[in-house]
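Hi there,

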Amino acid sequence: MQSNDIYEELQTNFIEYAAACNTDRAIPDAKSGLKPVTRRILWSAFKQGHTSSKPHVKSARITGEVISSLHPHGDVSVYDALVRLSQDWVMRYPLIDFHGNNGNITGDGAAHMRYTEARLSKLTEDGLLAGIKKKNVDFIPNYDEQEEEPTTLPALFPNLLCNPNMGIGVAMSCNFAPHNLQEVEQAINDYLDGEEPYLPGPDFPTGGIIVNGEDIPAIMEKGRGSIKIRGKYKIERRNIVFYEIPYGLTIERILEDVNNACEKEKIDGIAEVRDESDKNGLRIVIECRRGVPAEEIVEQLFQKTCLESSFSYNQVALVDKTPSLLNLKDCIKIYVNHNLECIVREANYDFEKTQAREHIVKGLLKALEDIDNIISLIKKSKDAGDAKVNLISHYNFSEEQAQAIIDMKLGRLANLEKIELEQEACDLKNKKDELETLINNKDTQEKELRSRLRVLVEKYGDKRRTEILSNEVVEIF
C-alpha cells in the first residue's frame with residue numbers, strides 16, 4: 001500500500017472514529033439530555049421491570065443486562081454511569097434509586113457492583129419513560145439486531161436543563177449545569193406564551209453561592225460562559241465552618257488544597273483544618289489562630305483555594321445526531337417540539353385502540369339483535385374457526401367482531417346488557433372526539449404539555465439551593 005493510500009485510510013478511519021465517539025459516547029441527546037450509556041441503563045432497567053415499586057436488584061445484574069443486549073462496551077463504564085445517576089451530590093435530580101455504598105462527597109468511591117443494589121427512581125418512570133409503551137418515540141435494532149432500543153426517551157422531565165452533563169469527545173466537549181425544576185417550568189411556560197425564556201442561573205445540588213450573577217443572562221443567550229461559585233460558611237468563635245461547597249469538589253480535595261496553601265505560606269493564620277461532616281450534613285472546620293480575624297482568612301481562602309471555583313457552561317448537545325451549541329431558547333424549543341410530538345403519537349396510539357374497541361362494541365350491539373340464533377349457530381359449528389366463518393357469512397361481521405364474539409363465554413354472551421354497551425359506545429365516541437382534537441389542535445397539545453409538566457413539578461419540584469449574587473453585592477459580602 002502506498003503512503004497516500006495509508007494517509008487516506010487513516011484519515012477516513014479517524015473521522016469515523018471521531019464521529020462515533022462524539023455521537024455514541026460523549027455528547028448527550030438534546031431531547032432527553034442523556035448519553036447513549038445512560039439512556040440504555042434506564043431503558044434496560046425499565047424493560048426488565050426494575051422499577052421503583054419493585055425490590056432493588058444487584059447492580060451487577062443491571063450492568064450485565066445493559067452490556068449483554070444494548071451497550072457493547074466494558075462493565076466498568078456502565079456501572080460508573082449507573083452510580084453517577086444515583087449520587088445526590090452530583091445529580092440535582094437523581095434518576096437511580098440506590099442501595100449500598102455509592103461513594104460520597106468526601107471523595108470515596110462506590111463499592112463494587114456485586115455489593116450494591118439499584119432500581120429506577122420514581123422520577124425516571126414519571127418523567128423520562130412515561131408513555132413509552134404507547135410508541136411515542138422511535139425504536140431501532142440494538143447492536144446485534146436481536147432486540148430493539150429507543151433512539152431517545154419521551155423526557156417530559158427537562159433533564160437536559162435540570163441535571164448536569166459533562167462529556168469530552170474528539171475536538172469537542174460539553175458541560176451542562178443543573179437548574180431548578182420549578183424555574184425551568186416557568187421558562188418553558190414563558191416560551192409557550194411567546195415570551196423570551198429566562199432562568200436565574202444554575203442550581204447545584206451542593207448549594208453554594210454564585211458571585212457573578214450579572215453574567216448569567218449573557219451565558220443563557222450564548223450557551224457558553226463561566227460562573228464563579230463560593231462555598232457557604234458561618235463563623236463560630238475562631239472557627240470558619242463551611243457547610244456548602246462549590247459544585248464538583250470533594251471534601252478531600254478542599255482539605256488538601258487548604259493544607260497546601262498553608263504549607264506554601266499562601267495563607268497565614270490557620271491553626272487546623274478538619275472534616276467534621278456526619279449524617280446531619282457537610283461540615284468543614286477551619287480553625288484560625290488566636291488574634292487572626294476570621295473574615296480576613298475567609299477572603300484569602302476564596303482567593304487562594306478552590307473554595308471559590310469556576311464552572312464553565314458549554315451547552316453542546318446532539319440535534320438530529322449533529323453536535324450543536326445551544327442557548328436556553330434552543331434547549332426549550334427542542335424540549336417543547338419533542339414533547340408535542342410524543343403527545344401526538346400517544347394520542348394516535350390511544351385513538352387506534354379506542355377505534356378498535358368501538359368497532360367490537362358495535363359488533364356486540366349488532367349481535368344482541370339476534371342473540372339466540374347467534375348462540376345456536378355457534379353451538380352447531382364444528383369448531384371456533386367454523387363458527388367464525390358462519391358468523392361472517394350469516395351476519396356480515398368483520399373478522400375482528402366475529403373473533404370477539406367467539407372469544408366470549410356463551411353464558412356471558414347470553415347476558416350482554418344493551419344499555420351498558422350503548423353507554424360504552426357513547427363513551428368511546430366521546431373519547432375519540434377528544435383524541436382527534438388533541439391530534440389536530442396545537443393549542444390543545446400545548447395545554448396538555450403544560451398540564452403534564454405541572455403535575456410533574458408539583459410532585460418533584462423543590463426550592464433553590466444555590467444563592468446568586470452580583471459582584472456589587474460581593475464587595476459588601
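Below are my notes on a sheet and on a cavity.

Please keep in mind that this is a predicted model.

Let's begin with the sheet. Four strands form an open sheet, in the order β10-β11-β13-β12, and their pairing is antiparallel. At the edges you will find β10 (232-236) and β12 (270-275), each of which pairs on one side only. From one strand to the next, the twist averages 20°.

If you zoom in on β10, you will see 5 bridges joining it to β11 (residues 239-244), and the two run antiparallel. Across this pair, I235 stands opposite I240 in β11.

Two helices pack on the sheet. Helix α9 (residues 251-263) touches β12 and β13 (284-288), and its direction makes about 170° with that of β12. Helix α10 (residues 294-304) touches β10, β11, β12 and β13, while its direction makes about 45° with that of β11.

How many cavities of 30 Å³ or more does the structure hold? There is 1, and the largest cavity contains about 60 Å³ of space. Its lining is made up of A30, K31, S32, G33, P158, N159, L160, L161, C331 and Y335. By class, that lining has 6 nonpolar, 3 polar and 1 charged residues. Both α6 (159-162) and α11 (328-368) supply at least two residues of the lining, and α6 gives the most, with 3 residues.

Conventions: Residues are numbered from 1 along each chain as its sequence is written. This is a predicted model: local features need pLDDT of at least 70, side-chain atom pairs count only at pLDDT 80 or more; totals for chains, interfaces and linings use all residues. Side-chain values use heavy atoms; hydrogens and water are left out. Two strands pair if DSSP finds at least two bridges between them. Axes are lines fitted to C-alpha atoms, for helices over the stretch in contact, and angles run from 0 to 180 degrees between N-to-C directions. Contact means heavy atoms within 4.5 Å. On a 1 Å grid over the protein atoms alone, a cavity is a set of points where a 1.4 Å probe fits but cannot get out, and a pocket is an open set with protein on both sides within 12 Å along at least five of seven lines; lining residues have an atom within 4 Å of a point. Grid points are joined across faces, edges and corners, and a volume is the space filled by probe spheres set on the points. Ala, Val, Leu, Ile, Met, Phe, Trp, Tyr, Cys and Pro count as nonpolar, Asp, Glu, Lys and Arg as charged, and the others, Gly among them, as polar.
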